[in-house]
Amino acid sequence: MRKETFADPWSLVILAVLVVTAGCIPDDNSVRVENEALKKQVAKQESLLSSLLDGNKVMQQQIDLLNQELRDAKSTVEATKTEAKQQTEQLELQLAETKRMMATQMTESLKVEEKGAQSDTLPRPMPTVAKVVEEALARNGYQLKISVKTDQRAVYITERKISNPTSLEVTGSRNQYLVSLQALPDNLTKLGVKAEFERVAQGGRILSVSREEMSEIEHRLINEINKALANPAKT
């Protein structure tokens with residue numbers, strides 16, 4: 001008869017646990033490789049994050065610099081506007097004062113220059129008369145040497161010329177006009193005309209003329225101005 005041998009149950013359990021545990025224990029080399037890979041990935045991400053932070057810092061510095069430049073530019077523009085406004089106001093004051101002084105000087109000078117001039121009072125406002133005067137002088141070949149106009153006064157001094165139109169002068173004469181305008185109440189205008197009329201003989205010799213001849217030349221311009229003012233198209 002054969003004798004059978006039975007194993008200890010606890011021994012079998014311990015053996016099974018050892019087998020299972022042995023199968024679950026990882027290989028040391030694979031763990032080390034995985035850890036190194038993770039460390040490299042973390043280091044790479046940290047480097048990338050650091051680069052992004054540095055880039056953001058530089059960009060923020062540029063933004064701050066641009067904002068400061070923009071504020072400086074706005075301040076400069078405002079300061080320039082203020083300075084330009086002040087200069088404009090100062091120039092306007094100077095211009096007004098210059099016009100006032102010019103009108104005063106012109107009035108004083110005309111008191112002397114208008115002596116002996118022919119005058120007429122025209123039933124038109126001064127701007128209308130001034131336009132007609134300018135057209136009449138230009139139509140007869142007179143170029144303006146001086147032209148000064150204010151709200152109340154106007155003065156025209158022409159270049160001296162030798163001309164032959166028969167409307168104002170005779171052939172071979174030389175003349176220069178001083179025309180003054182003064183605004184009067186009720187849209188009236190005082191017109192003054194003074195001529196420096198001369199006759200030119202052969203060889204350029206200047207012949208004297210009488211006061212009557214001078215007055216006739218002055219009246220010719222006054223009559224031409226009145227004729228133009230009577231034309232509805234001119235007024």
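User: Which residues of the largest nonpolar core touch the most other members?

Analyst: In soluble globular proteins, nonpolar side chains tend to be buried together. In this predicted model, the largest nonpolar core has 25 residues, and those touching the most other members are Val133, Tyr177, Leu181, Leu191 and Ile225. At least two residues of this core come from each of helix 3 (126-139), strand 3 (153-158), strand 6 (177-184), strand 7 (188-195) and helix 4 (211-230).

User: What does Leu191 touch, not counting residues up to four places away in sequence?

Analyst: The contacts of Leu191 include the core residues Val133, Leu181 and Ile225. Leu191 also touches Gln118, Ser119, Asp120, Leu122, Val179, Ser180 and Ile222.

User: How should I read helix 4, and what span should its 20 residues have?

Analyst: At 1.5 Å a residue, helix 4 should span 28 Å, and its end C-alpha atoms are 28 Å apart, so the two values agree. The next step is to ask which residues are buried. In helix 4 these are Met214, Ser215, Ile217, Glu218, Leu221, Ile222, Glu224, Ile225, Ala228 and Leu229. They pack against strand 1 (118-122), helix 3, strand 5 (173-175), strand 6 and strand 7.

User: In which sense does strand 6 pair with strand 3, and how many bridges are there?

Analyst: Strand pairing is read from its sense and its bridges. Strand 6 pairs with strand 3 in the antiparallel sense over 5 bridges, and Val155 has Ser180 in strand 6 as its bridge partner. Strand 6 also runs antiparallel to strand 7, to which 8 bridges join it; here Tyr177 stands opposite Ala195 of strand 7. The hairpin of strand 6 and strand 7 has 3 residues between the strands, and Asp186 takes a positive phi near 65° there.

User: Is Gln176 buried or exposed?

Analyst: The relative accessible area decides this. Gln176 has a value of 14%, and because buried means under 20%, Gln176 is buried. Its place is in the loop between strand 5 and strand 6.

User: Which polar contact does the side chain of Gln176 make with another side chain?

Analyst: The side chain of Gln176 makes a polar contact with that of Arg160, at 3.1 Å.

Note on methods. Residues numbered from 1 in each chain as written. Predicted model: local features only at pLDDT ≥ 70, side-chain atom pairs only at ≥ 80, totals over all residues. Heavy atoms only, no water. Core = buried A, V, L, I, M, F, W, Y, C linked by side-chain atoms within 4.5 Å. Buried < 20%, exposed > 50% of the residue type's maximum accessible area, 1.4 Å probe, protein only. Helix = DSSP H or I, 4+ residues; strand = E, 2+ residues; numbered from the N terminus. Contact = heavy atoms within 4.5 Å. Expected span 1.5 Å × (residues − 1). Pairing = 2+ DSSP bridges. Polar contact = N/O pair within 3.5 Å; in protein donor to acceptor, adjacent residues only side chain to side chain.
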